[in-house]
Amino acid sequence: MGTVCTVTLFDKADSNTYNKIFNRIREMENLMSVNIETSDISRINAAAGISPVNVHEDVFKVIESAIHYAQISDGAFDPSVGPLVSLWGITGDNPRLPSRKEIEEALLLINWQDIEMNAQEKSVFLKNNGMALDLGGIAKGYAADEATLIIKNAGVKGAIIDLGGNIILHGEKKDRSPWRVGVQKPNTNRGEYIGILNISNRRNQSVVTSGVYERYFEKDGKKYHHLFDPSCGYPAENGLVSVTVITPVSMDADALSTAVFVSGYEKGRTLAESLPETEAVFVFDDSTVRVTAGVNFTLTDKSFILAD
Ligand code: ADP
Ligand code: MG
């Protein structure tokens, strides 16, 4: 998944359980990565404009859910963003600033409404030649949920699943205190945080952040990050540096962190607030922080300001 995955089991931490968890995560990667030629997603993309492709149930579910988030975010989240992702290459070895013409051509291919789902056949068809799915904004969340299922079934009482910052807090710690999760300080080393989220352990919660400061490239002093605005084809520039979303299901938090980020603060906050059991933390490039009503957040870095 192009990231570090860490699973911490607080009890029943035997190697059999760990193996099951990581095998399941690897299985998800093999089905959904665009960097693996034999994945279902690569097969769908290769058949774009040609024919529907039968896919694994998991893949079908994740694409369906991605389309749902495209719908409710007015296309800010769009799983057909693949042509833009490969054009910019920001997460690869050779990122570059494309020409306006290239971006306009890629934009013609991006439209989640041209993804055709057949529930009976469990098949997916991209209507136009050159279209390409990219589940980078949602697949890690699903993989984290699947890992958690295994953990639950194994009877583990407390665990942290961390797939590259896509976090699930399962059950509770031995001392039963609430979970504490740091909100990453932008543009510093991983592990430095601006404040602490207190997360209730009454039920599983997932905490997922989309930020501009980890995957980007720099050209002529300007940073270009990996969260694209499908309405213009460029990285979304809206004053946000990160959005953290807290929900019970990690796939939802993952898709929403990307969707809310690309939507920008006002639309994004309205979207988050319209959904049940969904909270969000917004960090801005002027060092202000805003949180939705149900968030228990303690600011610890005094160079940031908690605003209304
Ligand atoms: P990360 O995976 O870096 O933790 P995200 O969950 O926000 O962060 O996902 C970013 C990835 O989502 C990008 O690398 C790209 O693959 C994909 N993506 C970029 N822009 C969009 C978008 N507007 N809608 C859906 N997916 C996107
Ligand atoms: Mg995401």
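Predicted model: local features only at pLDDT ≥ 70, side-chain atom pairs only at ≥ 80, totals over all residues.

Reader: How many helices and strands does the chain have?

Author: Helices (H or I, at least four residues) and strands (E, at least two) are DSSP runs, numbered from the N terminus. Counted that way, the chain has 16 strands and eight helices.

Reader: What is the radius of gyration of the chain?

Author: The radius is taken over C-alpha atoms, and the globule rule is 2.2 Å times the number of residues to the power 0.38. For 308 residues the rule gives 19 Å, and the chain comes close to that, so it is as compact as a globular protein of that length. Its radius of gyration is 19 Å.

Reader: What share of the residues is buried?

Author: Buried means under 20% relative accessible area, exposed over 50%, and partly exposed in between (1.4 Å probe, protein chains only). Of the 308 residues in the chain, the buried share is 53%.

Reader: What distance separates the end C-alpha atoms of helix 3?

Author: The expected span of a helix is 1.5 Å times one less than its number of residues. Helix 3 (residues 57-72) has 16 residues, so it should span 22 Å. The distance in the model agrees with this: 23 Å.

Reader: Which elements do the buried residues of helix 3 pack against?

Author: The buried residues of helix 3 include Phe60, Ile63 and Tyr69. Contact means heavy atoms within 4.5 Å. The packing partners are strand 3 (115-118), strand 4 (123-126), helix 1 (15-32), helix 2 (40-46), helix 6 (139-153) and helix 7 (250-263).

Reader: Is Thr17 buried or exposed?

Author: Thr17 lies in helix 1. Leaving aside residues up to four places away in sequence, Thr17 touches Leu9, Lys12 and Ala154. With a relative accessible area of 8%, Thr17 is buried.

Reader: And how many Å separate the C-alpha atoms of Ser99 and Ser257?

Author: Ser99 sits in the loop between helix 4 (82-88) and helix 5 (100-108), and at 35% relative accessibility it counts as partly exposed. Ser257 is 158 residues apart from Ser99 along the chain, and their C-alpha atoms are separated by 28 Å.

How values were computed:
Residues numbered from 1 in each chain as written. Chains lettered and ligands numbered in written order. Heavy atoms only, no water.
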